[in-house]
Amino acid sequence: MTTITRLTRFLQSFRRFYTGRFAGLAARSGLSMREIDVLLFLANHPGQDTARDAVELRGLSKSQVSQAVEVLTRGGFLERRPDSRDRRVVHLAVTDAGGPLAKEAQVIQSDCGGALLEALTEEEAVCFWRLLEKLMERAESLTKEAAE
């Protein structure tokens, strides 16, 4: 099996596991996984609170983020706040109504990471994170080089 095939299989398998763990929350809230992802992004990244931030850092398309923000705003989970210095910028904030949902989603997210890392010793987990960071830096470097 090639490296890419193994990596792809891992990512697909984890994504199915991860998405499955959110099934109950999605059913209770009426939100899609994409909408939960956007809510989680905003809850997990204070200060990175625009749709553009979610597109760039979460890897979702503009249309996906825009649709999710619209649903979350209509549902009362998010609110839009204009930027005081630049009218073109709109900040997004989790509302009081969205806070408990975001916290529940964060617990599920954390549990998913913990369940995955249970397969590793503490030393292996430290090594894993160090290696993953190196690979992410390399991927970013290769992406930047390809764009030039």
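Me: Is Glu-70 buried, partly exposed or exposed?

Reply: Buried means under 20% relative accessible area, exposed means over 50%, and partly exposed lies in between (1.4 Å probe, protein chains only). Glu-70 has a relative accessible area of 32%, so Glu-70 is partly exposed. This is a predicted model, where local features need pLDDT of at least 70, side-chain atom pairs count only at pLDDT 80 or more, and totals for chains, interfaces and linings use all residues. Residues are numbered from 1 along each chain as its sequence is written, and side-chain values use heavy atoms, with hydrogens and water left out.

Me: Which side chain meets Glu-70 in a salt bridge?

Reply: A salt bridge is a side-chain nitrogen of Lys or Arg within 4 Å of a carboxyl oxygen of Asp or Glu. Here Arg-74 pairs with Glu-70 at 3.8 Å, N to O. Both belong to helix α5 (residues 62–74), four residues apart, about one turn of the helix; helices are DSSP runs of H or I, at least four residues, numbered from the N terminus.

Me: How many salt bridges are there by this rule?

Reply: The count is eight. One of them joins Arg-15 and Asp-37 at 3.0 Å, N to O. Arg-15 lies in helix α1 and Asp-37 in helix α3, so this pair ties together parts 22 residues apart in sequence.

Me: Is Asp-37 buried or exposed?

Reply: Asp-37 is buried, with a relative accessible area of 4%.

Me: What does Asp-37 touch, not counting residues up to four places away in sequence?

Reply: Contact means heavy atoms within 4.5 Å. Asp-37 touches Arg-15, Tyr-18 and Arg-58.

Definitions and conventions
Helices (H or I, at least four residues) and strands (E, at least two) are DSSP runs, numbered from the N terminus.
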